[in-house]
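Take a look at the model below.

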Amino acid sequence: MSRKGNRAVPLPLVFPPRSGALKVLCLGAHSDDIEIGCGATILEFVRQGADVRWAVFSGDDRRAEEAARSARLFLGADARRRLMLHTFRDGYFPAQFAAVKEACEAVATAFQPDLVFTHFREDRHQDHRVLSDLTWNTFRRHLVLEFEVPKWDGDLSTPNLYVPVTVRAARRKVTLLTRAFASQRSKDWFGDGVFFGLMRIRGMECRSPSGFAEAFFGRKLVFRP
Ligand SMILES: [Zn+2]
């Protein structure tokens with residue numbers, strides 16, 4: 001811990017200086033998972049010039065259109081090149097395990113990331129769990145962080161890695177989410193209150209200066225003093 005004024009704050013871990021852009025890969029089972037789980041963090045990475053790609057594994061035509069629109073909003077004009085879209089059947093990933101695994105491996109061949117964001121291993125949604133397991137199967141030399149998706153199942157847990165985000169990034173995440181995913185607006189859980197509420201709780205837990213944060217599960221971390 002270090003001290004700032006009279007208040008103890010956690011010592012931050014920062015990525016070391018590097019010659020090229022940080023390569024970040026996000027894996028999401030459905031078209032809005034990545035944005036919900038790590039949208040504000042991604043906005044910050046994009047602002048810093050990171051090379052961010054994302055892969056969405058299911059979706060009909062409408063959801064695919066929304067995924068493309070959201071990628072444009074979060075990643076910028078170059079989004080088409082940065083988005084990998086698959087069309088596995090929503091809700092049936094366990095039954096499509098071999099094909100989803102092959103798709104994961106194809107993503108790893110197309111892009112070699114420094115950092116991978118994926119679903120939480122204990123997420124109760126079957127598609128989320130399969131993708132989380134396959135992430136760890138596929139990316140074995142990478143820093144993997146698991147994001148959280150609040151939902152009916154009530155399966156939130158206790159994360160151990162926090163990314164404080166600015167108020168601006170938190171607001172922009174929620175604005176872009178509601179703008180991009182019109183098909184989800186009728187769902188009772190999809191709304192400002194849930195998204196801001198979770199970021200506010202995680203911000204409180206890590207003493208974020210803005211009050212907001214996103215939180216992750218860093219299951220395996222290497223620390224060099
Ligand atoms: Zn999902």
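Predicted model: local features only at pLDDT ≥ 70, side-chain atom pairs only at ≥ 80, totals over all residues.

Residues are numbered from 1 along each chain as its sequence is written, and side-chain values use heavy atoms, with hydrogens and water left out.

Now the donors. His-30 (ND1), Asp-33 (OD), Asp-33 (OD) and His-128 (NE2) lie 2.0 to 2.3 Å from the zinc ion. Donors are N, O and S atoms within 2.8 Å of the metal (3.2 Å for Na, K and Ca); water is not among the atoms, so sites may look incomplete. Along the chain, the donors follow the spacing H-x2-D-x94-H. The pair His-30 and His-128 links distant parts of the chain, 98 residues apart. His-30 sits in the loop between strand 3 (23-28) and helix 1, and His-128 in helix 5 (residues 126-138). Helices (H or I, at least four residues) and strands (E, at least two) are DSSP runs, numbered from the N terminus. Both histidines are buried, meaning under 20% relative accessible area; exposed means over 50%, and partly exposed is in between (1.4 Å probe, protein chains only).

Turn to helix 2 (residues 61-75). At its start, a side-chain oxygen of Asp-60 reaches to within 3.2 Å of the backbone nitrogen of Arg-62. The buried residues of helix 2 include Arg-63, Glu-66, Ala-67 and Phe-74. Seen down the axis, the buried residues fall within an arc of 140°, so they line one face of the helix. That arc is taken over the directions from the helix axis to the C-beta atoms. Asp-61 and Glu-65 are exposed on the face turned away from the buried side. Just after helix 2, Gly-76 takes a positive phi of about 100°.

Strand 4 is among the elements that cover the buried residues of helix 2. Contact here means heavy atoms within 4.5 Å. Asp-51 lies in strand 4 (residues 51-58). Asp-51 counts as buried because its relative accessibility is 16%. Its side chain joins that of Arg-82 in a polar contact of 2.6 Å. A polar contact is a pair of N or O atoms within 3.5 Å; within protein, one must be able to donate a hydrogen and the other to accept it, and residues adjacent in sequence count only if both atoms are side-chain atoms.
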